[in-house]
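Please look over the sequence and the model below before reading on. The briefing then goes through the structure topic by topic.

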Amino acid sequence: MAAANSSRALLLPVLTLAGVVFFLLAPAAAADAADAAAPQGLEFHVGGPRGWRVPDANTSYGWWAMNNRFRVGDHLYFKYANDSVLLVDRTAFDACNTTEPLATFADGATRFVLDRPGFFCFISGEPGHCEEGQRLIVRVMVHPAIVATPGPASAPATSAQPGHGGGGGQAHPPGASSGADTAVAAAAGVAVAAALAVFVSLVSS
(Lines give C-alpha, C1' and ligand atoms only; values in the text may rest on other atoms or scores of the structure.)
Protein backbone atom coordinates (compact mmCIF):
# COMPACT_ATOMS: atom_id res chain seq x y z
CA MET A 1 0.00 0.00 0.00
CA ALA A 2 2.84 2.37 0.87
CA ALA A 3 4.48 1.60 -2.47
CA ALA A 4 1.23 2.32 -4.32
CA ASN A 5 0.78 5.63 -2.51
CA SER A 6 4.36 6.54 -3.33
CA SER A 7 3.82 5.76 -7.02
CA ARG A 8 0.67 7.90 -7.07
CA ALA A 9 2.58 10.72 -5.39
CA LEU A 10 5.28 10.47 -8.04
CA LEU A 11 2.77 10.25 -10.91
CA LEU A 12 1.10 13.58 -10.12
CA PRO A 13 4.13 15.80 -10.83
CA VAL A 14 4.93 13.71 -13.90
CA LEU A 15 1.47 14.27 -15.38
CA THR A 16 1.72 17.95 -14.48
CA LEU A 17 5.03 18.18 -16.34
CA ALA A 18 3.51 16.43 -19.37
CA GLY A 19 0.66 18.94 -19.45
CA VAL A 20 3.04 21.89 -19.21
CA VAL A 21 5.22 20.57 -22.04
CA PHE A 22 2.21 19.91 -24.24
CA PHE A 23 0.70 23.36 -23.77
CA LEU A 24 4.06 24.99 -24.44
CA LEU A 25 4.70 23.08 -27.66
CA ALA A 26 1.25 22.67 -29.19
CA PRO A 27 0.45 26.36 -29.95
CA ALA A 28 3.79 26.96 -31.66
CA ALA A 29 3.51 23.77 -33.71
CA ALA A 30 -0.05 24.58 -34.77
CA ALA A 31 0.96 28.13 -35.77
CA ASP A 32 3.82 26.84 -37.92
CA ALA A 33 1.51 24.35 -39.61
CA ALA A 34 -1.10 27.05 -40.27
CA ASP A 35 1.54 29.26 -41.89
CA ALA A 36 2.65 26.38 -44.10
CA ALA A 37 -0.94 25.72 -45.18
CA ALA A 38 -1.65 29.37 -46.08
CA PRO A 39 -2.62 29.96 -49.71
CA GLN A 40 0.42 30.53 -51.93
CA GLY A 41 0.51 32.90 -54.88
CA LEU A 42 1.59 32.27 -58.45
CA GLU A 43 4.42 33.93 -60.35
CA PHE A 44 3.69 35.49 -63.74
CA HIS A 45 6.59 36.21 -66.11
CA VAL A 46 5.67 39.45 -67.85
CA GLY A 47 6.48 39.16 -71.55
CA GLY A 48 7.23 35.44 -71.30
CA PRO A 49 10.74 34.31 -72.29
CA ARG A 50 11.48 37.65 -73.96
CA GLY A 51 10.82 39.59 -70.80
CA TRP A 52 9.82 43.20 -70.30
CA ARG A 53 10.57 44.99 -73.59
CA VAL A 54 8.96 47.00 -76.37
CA PRO A 55 6.40 44.59 -77.85
CA ASP A 56 6.70 43.33 -81.40
CA ALA A 57 3.92 42.24 -83.74
CA ASN A 58 3.48 38.98 -81.81
CA THR A 59 3.36 40.54 -78.35
CA SER A 60 0.51 42.35 -76.61
CA TYR A 61 0.68 43.09 -72.90
CA GLY A 62 -3.00 44.02 -72.93
CA TRP A 63 -4.01 40.68 -74.46
CA TRP A 64 -1.75 38.80 -72.04
CA ALA A 65 -3.28 40.54 -69.02
CA MET A 66 -6.84 39.93 -70.20
CA ASN A 67 -6.16 36.21 -70.66
CA ASN A 68 -4.83 35.69 -67.16
CA ARG A 69 -6.44 35.88 -63.74
CA PHE A 70 -4.45 37.66 -61.05
CA ARG A 71 -5.26 37.26 -57.39
CA VAL A 72 -4.02 38.76 -54.14
CA GLY A 73 -0.76 37.06 -53.21
CA ASP A 74 0.38 36.47 -56.80
CA HIS A 75 3.41 38.34 -58.09
CA LEU A 76 4.69 39.65 -61.40
CA TYR A 77 8.23 38.98 -62.55
CA PHE A 78 9.78 41.58 -64.86
CA LYS A 79 13.04 40.57 -66.56
CA TYR A 80 14.75 43.35 -68.53
CA ALA A 81 18.01 45.09 -69.45
CA ASN A 82 18.69 48.79 -70.05
CA ASP A 83 15.14 49.56 -69.01
CA SER A 84 12.98 50.05 -65.92
CA VAL A 85 9.53 49.42 -64.53
CA LEU A 86 7.38 52.25 -63.22
CA LEU A 87 4.31 51.73 -61.08
CA VAL A 88 1.94 54.58 -61.93
CA ASP A 89 -1.66 55.65 -61.45
CA ARG A 90 -4.26 55.31 -64.20
CA THR A 91 -3.90 58.92 -65.37
CA ALA A 92 -0.13 58.57 -65.85
CA PHE A 93 -0.66 55.20 -67.50
CA ASP A 94 -3.05 56.60 -70.11
CA ALA A 95 -0.74 59.56 -70.83
CA CYS A 96 2.54 57.55 -70.66
CA ASN A 97 3.71 60.06 -68.05
CA THR A 98 7.00 58.91 -66.47
CA THR A 99 7.64 62.01 -64.35
CA GLU A 100 5.76 61.09 -61.17
CA PRO A 101 5.74 57.30 -60.67
CA LEU A 102 4.39 55.73 -57.50
CA ALA A 103 7.44 53.42 -57.48
CA THR A 104 10.46 52.85 -59.70
CA PHE A 105 12.34 49.59 -60.28
CA ALA A 106 15.56 49.28 -62.26
CA ASP A 107 17.29 46.16 -60.94
CA GLY A 108 16.74 44.11 -64.10
CA ALA A 109 14.80 41.37 -62.29
CA THR A 110 11.81 42.85 -60.47
CA ARG A 111 9.31 40.78 -58.49
CA PHE A 112 6.22 42.79 -57.67
CA VAL A 113 3.73 41.37 -55.16
CA LEU A 114 0.06 41.99 -55.91
CA ASP A 115 -0.92 42.69 -52.32
CA ARG A 116 -4.45 44.06 -52.76
CA PRO A 117 -7.43 43.73 -55.07
CA GLY A 118 -7.90 46.32 -57.78
CA PHE A 119 -5.83 47.66 -60.68
CA PHE A 120 -2.04 47.97 -60.99
CA CYS A 121 -0.54 50.02 -63.82
CA PHE A 122 3.03 49.65 -65.09
CA ILE A 123 4.92 51.46 -67.83
CA SER A 124 8.51 51.50 -69.05
CA GLY A 125 10.66 54.35 -67.80
CA GLU A 126 12.64 54.59 -71.04
CA PRO A 127 11.70 57.51 -73.32
CA GLY A 128 9.27 56.45 -76.04
CA HIS A 129 8.85 52.86 -74.87
CA CYS A 130 5.43 53.36 -73.29
CA GLU A 131 4.16 55.06 -76.45
CA GLU A 132 5.30 51.99 -78.41
CA GLY A 133 3.18 49.71 -76.26
CA GLN A 134 5.45 48.77 -73.34
CA ARG A 135 2.86 49.20 -70.65
CA LEU A 136 0.75 46.82 -68.63
CA ILE A 137 -2.38 47.07 -66.52
CA VAL A 138 -3.60 44.13 -64.45
CA ARG A 139 -6.75 43.62 -62.45
CA VAL A 140 -6.30 41.72 -59.19
CA MET A 141 -9.08 39.71 -57.57
CA VAL A 142 -9.34 38.45 -54.00
CA HIS A 143 -7.77 35.02 -53.58
CA PRO A 144 -10.58 32.41 -53.38
CA ALA A 145 -8.93 30.74 -50.38
CA ILE A 146 -9.59 33.91 -48.38
CA VAL A 147 -13.35 33.89 -48.96
CA ALA A 148 -14.03 30.16 -49.38
CA THR A 149 -12.69 26.77 -48.43
CA PRO A 150 -9.57 26.17 -50.54
CA GLY A 151 -9.62 23.31 -53.03
CA PRO A 152 -6.68 21.38 -54.47
CA ALA A 153 -4.28 23.54 -56.48
CA SER A 154 -3.61 22.66 -60.11
CA ALA A 155 -0.38 23.26 -61.99
CA PRO A 156 -0.71 26.27 -64.33
CA ALA A 157 -0.13 26.14 -68.06
CA THR A 158 3.02 27.56 -69.64
CA SER A 159 1.25 29.38 -72.47
CA ALA A 160 -1.03 32.41 -72.20
CA GLN A 161 -4.37 30.65 -71.89
CA PRO A 162 -7.44 31.99 -70.06
CA GLY A 163 -7.55 31.22 -66.38
CA HIS A 164 -5.47 31.71 -63.28
CA GLY A 165 -1.88 30.68 -63.89
CA GLY A 166 -1.65 31.13 -67.65
CA GLY A 167 1.20 32.94 -69.35
CA GLY A 168 4.03 31.16 -67.61
CA GLY A 169 2.81 31.35 -64.03
CA GLN A 170 4.56 29.04 -61.61
CA ALA A 171 2.76 27.51 -58.64
CA HIS A 172 4.44 27.35 -55.27
CA PRO A 173 4.23 24.04 -53.36
CA PRO A 174 0.90 24.04 -51.46
CA GLY A 175 0.83 23.49 -47.71
CA ALA A 176 -0.33 20.14 -46.38
CA SER A 177 -3.97 20.21 -45.27
CA SER A 178 -3.29 17.97 -42.28
CA GLY A 179 -0.22 19.89 -41.11
CA ALA A 180 -1.82 21.31 -37.98
CA ASP A 181 -3.10 17.93 -36.79
CA THR A 182 0.30 16.33 -37.39
CA ALA A 183 2.13 19.08 -35.55
CA VAL A 184 -0.15 18.88 -32.51
CA ALA A 185 0.17 15.09 -32.44
CA ALA A 186 3.94 15.41 -32.54
CA ALA A 187 3.89 17.88 -29.66
CA ALA A 188 1.71 15.51 -27.64
CA GLY A 189 4.11 12.66 -28.34
CA VAL A 190 7.05 14.72 -27.11
CA ALA A 191 5.17 15.62 -23.94
CA VAL A 192 4.23 12.01 -23.19
CA ALA A 193 7.76 10.78 -23.88
CA ALA A 194 9.19 13.40 -21.54
CA ALA A 195 6.70 12.47 -18.84
CA LEU A 196 7.48 8.75 -19.12
CA ALA A 197 11.21 9.43 -18.95
CA VAL A 198 10.81 11.44 -15.77
CA PHE A 199 8.48 8.82 -14.27
CA VAL A 200 10.91 5.96 -14.95
CA SER A 201 13.73 8.02 -13.49
CA LEU A 202 11.79 8.72 -10.29
CA VAL A 203 10.62 5.14 -9.86
CA SER A 204 14.04 3.65 -10.39
CA SER A 205 15.81 6.08 -8.05
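The model described here is predicted. The protein has 205 residues, of which 32% count as buried, and its chain forms five helices and nine strands.

**Overall build**

- When contacts between residues at least 6 apart in sequence are considered, 74% of them join residues that are at least 24 apart.

**Nonpolar cores**

- In soluble globular proteins, nonpolar side chains tend to be buried together.
- The largest nonpolar core of this protein has 21 residues, and the members that touch the most other members are Phe-70, Leu-76, Phe-78, Phe-122, Leu-136 and Val-138.
- At least two residues of this core come from each of strand 1 (42-45), helix 2 (61-66), strand 3 (75-79), strand 4 (85-88), strand 7 and strand 8.
- Apart from this core lies another one, made of eight residues, which include Val-88, Cys-96, Ile-123 and Cys-130.
- If residues up to four places away in sequence are not counted, Phe-122 touches Trp-52, Leu-76, Phe-78, Val-85, Leu-86, Leu-87, Phe-93, Phe-112, Arg-135, Leu-136 and Val-138.

**The disulfide and the cysteines**

- The count of disulfides comes to one, and this disulfide is formed by Cys-96 and Cys-130, whose sulfur atoms are 2.1 Å apart.
- Cys-96 lies in the loop between helix 3 (90-95) and strand 5 (103-105), while Cys-130 lies in the loop between strand 7 (118-124) and strand 8 (135-141), so the pair ties together parts that are 34 residues apart in sequence.
- Because the torsion about the S-S bond of Cys-96 and Cys-130 is about -70°, the disulfide is left-handed.
- Cys-96 has a relative accessible area of 13% and is therefore buried, and Cys-130 is likewise buried, with a relative accessibility of 2%.
- Another cysteine, Cys-121, also counts as buried, at 4% relative accessibility.

- Phe-105 is placed in strand 5 and counts as partly exposed, because its relative accessibility is 23%, and buried means under 20%.
- Although Phe-105 and Ser-124 are 19 residues apart in sequence, their C-alpha atoms are 9.8 Å apart in space.
- Leaving aside neighbours within four places in sequence, Phe-105 is in contact with Tyr-80, Ser-84, Val-85, Thr-110 and Phe-112.
- Ile-137 lies in strand 8 and is also partly exposed, with a relative accessible area of 24%.
- Between Ile-137 and Arg-90 there are 8.8 Å in space from C-alpha to C-alpha, while the two are 47 residues apart in sequence.
- Arg-90 is also one of the contacts of Ile-137, which, with neighbours within four places in sequence left aside, touches Ala-65, Arg-90, Phe-93, Phe-119, Phe-120 and Cys-121.

**The cavity**

- Rolling a probe the size of a water molecule over the atoms shows where empty space is left.
- The count of cavities of 30 Å³ or more comes to one, and the largest cavity holds about 40 Å³ of space.
- The lining of the largest cavity is made up of Gly-47, Arg-50, Gly-51, Arg-53, Val-54, Pro-55, Asp-56, Thr-59 and Tyr-61.
- Sorted by class, this lining has three nonpolar, three polar and three charged residues.

Notes: Residues numbered from 1 in each chain as written. Predicted model: local features only at pLDDT ≥ 70, side-chain atom pairs only at ≥ 80, totals over all residues. Heavy atoms only, no water. 1 Å grid on protein atoms, 1.4 Å probe; cavity = no way out; pocket = protein on both sides within 12 Å on 5 of 7 lines; lining within 4 Å. Points joined across faces, edges and corners; volume = space filled by probe spheres on them. Nonpolar A, V, L, I, M, F, W, Y, C, P; charged D, E, K, R; others polar. Disulfide = S-S within 2.5 Å. Helix = DSSP H or I, 4+ residues; strand = E, 2+ residues; numbered from the N terminus. Buried < 20%, exposed > 50% of the residue type's maximum accessible area, 1.4 Å probe, protein only. Core = buried A, V, L, I, M, F, W, Y, C linked by side-chain atoms within 4.5 Å. Contact = heavy atoms within 4.5 Å.
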